[in-house]
Each structure stands twice: as structure tokens, then as C-alpha cells.
Amino acid sequence: MPMNASAIEKLIKDALPDASVTIRDLAGDGDHYAAEVVSESFRGKSRVEQHQMVYEALKGNMGGALHALALQTNAPD
Amino acid sequence: MTAINEWIDGQVKANDVVLFMKGTPAFPQCGFSGQVVQILDYLGVTYSGVNVLESDDLRQGVKDFSNWPTIPQLYVKGEFVGGADIIREMFQAGELQTHMAEKGVAKATA
């Protein structure tokens with residue numbers, strides 16, 4: 001079953017409370033999203049580590065209920 | 001280490017650049033895999049494409065191996081570099097080219 005954008009945002013914010021999360025529904029089908037996540041906790045981490053933190057927050061939904069989530073992660077400027 | 005883990009480990013150590021993907025470099029069966037193929041072809045590096053759709057064990061095994069939930073996955077010199085988003089971001093910033101050069105990855109002699 002597809003996930004809605006607010007459910008994705010909630011899972012990310014539960015794990016990374018300071019995160020600013022912007023989610024776009026790319027195809028309008030509730031199944032292909034792009035998320036931009038900005039969090040202080042990313043600072044000093046590699047991109048792989050940053051994305052792994054977000055995937056961890058999504059608790060196994062990535063690759064399952066969530067087919068496509070294009071991720072961009074950054075520490076605040 | 002399970003058999004599939006050992007096999008994956010062998011692949012990423014035996015080849016400078018390995019792309020675990022859906023489909024083959026000639027016939028990608030997923031847009032994200034296709035994007036990474038295009039980038040690697042553009043860079044002109046020699047790489048080994050492994051089609052995870054050939055085996056459920058492999059498809060799951062590679063996700064466990066890298067602790068990464070999605071395909072494609074790019075390995076350079078035995079090290080996981082990223083999935084489609086990271087590879088595209090690195091390529092656009094010119095970092096992927098630098099990374100390959102620093103790791104001493106050979107260009108394909110076409």
C-alpha cells in the first residue's frame with residue numbers, strides 16, 4: 001500500500017526532531033516522492049550515512065510500501 | 001557469512017566498479033538503474049553490471065550487504081558509494097569523476 005506524504009514526514013521527524021522536511025509527490029500517484037531533509041544531525045556525515053539515517057527513520061518502508069523516494073539530505077547552512 | 005554475502009563480497013573485490021541493478025547495462029529494467037548506467041557510460045569507466053532480478057537471494061542479499069534498501073547500488077574498489085540519488089548528485093557536482101580518478105579506476109578502452 002502506498003504511503004501518504006504526511007506519514008513519511010512524521011516518520012522522519014520522529015527520528016530526527018530538528019529536521020526540516022519538504023516532500024513532493026512527483027507523479028501524483030502517492031507512490032513516487034522526492035524528499036529534501038535538512039538536519040543538524042547530518043553535519044560531518046557522508047551522504048551514504050545521511051541517507052541511511054533517513055532510511056532507518058522510515059523503518060523498513062523504503063523499498064517496500066515506499067517504492068520511490070528520491071532523497072536529498074543536507075546539514076543547515 | 002552466508003553464501004550470497006560471500007559472492008557479493010567477491011564481486012566487489014574482483015571488479016573496480018560494480019553496479020547492482022535491475023536489468024543489464026544494455027537493457028535496464030528500472031529508470032533509476034538506467035540513470036546510473038547512463039552516468040557510468042558517459043564517464044567511460046569499465047564496470048560490471050549485476051542484474052539483481054536474476055535471483056531473489058541476490059536482490060535481498062545485496063540490500064543486507066550494504067545496509068541500503070534500494071537498487072541500484074554502486075561499488076567502487078570494494079566500497080559502497082551510493083544509490084541513484086547520491087550518484088546523480090555526485091555526478092552533477094563533478095565529485096563522481098574525482099572519486100573515480102582518486103581511486104584509480106580505469107577508463108574503458110572502447
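Mentor: The discussion below concerns a predicted model and takes up chain A, then a helix pair in chain B.

Trainee: What is the make-up of chain A in helices and strands?

Mentor: Chain A has 2 helices and 3 strands, and along the sequence these follow the pattern α-β-β-α-β.

Trainee: Why is chain A called as compact as a globular protein of that length?

Mentor: The globule rule gives 11 Å for 77 residues, and the radius of gyration of chain A is 12 Å; the two values are close, so the description applies. The C-alpha trace of chain A spans about 35 × 20 × 20 Å along its principal axes.

Trainee: How many of the residues of chain A count as buried?

Mentor: The share is 27% of the 77 residues, the criterion being 20 or more other C-beta atoms within 10 Å of a residue's own. As for contacts in chain A between residues at least 6 apart in sequence, 52% join residues at least 24 apart.

Trainee: Why is H1(B) called roughly perpendicular to H3(B)?

Mentor: Helix H1 (residues 3-14) and helix H3 (residues 56-66) of chain B pack at about 70 degrees, their axes 9 Å apart. Angles from 65 to 115 degrees count as roughly perpendicular, and therefore H1(B) is roughly perpendicular to H3(B).

Trainee: Which residues make that contact?

Mentor: H1(B) contributes B:Ile4, B:Asn5 and B:Ile8, while H3(B) contributes B:Asp57, B:Leu58, B:Gly61, B:Val62 and B:Phe65. By class, the residues of this contact are 5 nonpolar, 2 polar and 1 charged, with Gly counted among the polar ones.

Note on methods
Residues are numbered from 1 along each chain as its sequence is written. Chains are lettered from A and ligands numbered from 1 in the order in which they are written. This is a predicted model: local features need pLDDT of at least 70, side-chain atom pairs count only at pLDDT 80 or more; totals for chains, interfaces and linings use all residues. Axes are lines fitted to C-alpha atoms, for helices over the stretch in contact, and angles run from 0 to 180 degrees between N-to-C directions. Helices (H or I, at least four residues) and strands (E, at least two) are DSSP runs, numbered from the N terminus. Angles under 35 degrees count as roughly parallel, over 145 as roughly antiparallel, 65 to 115 as roughly perpendicular and the rest as oblique. Two residues are in contact if their C-beta atoms, placed from the backbone, lie within 7 Å. The radius of gyration is taken over C-alpha atoms; the globule rule is 2.2 Å times the number of residues to the power 0.38. A residue is buried if 20 or more other C-beta atoms lie within 10 Å of its own, exposed if 12 or fewer, and partly exposed in between; C-beta atoms are placed from the backbone.
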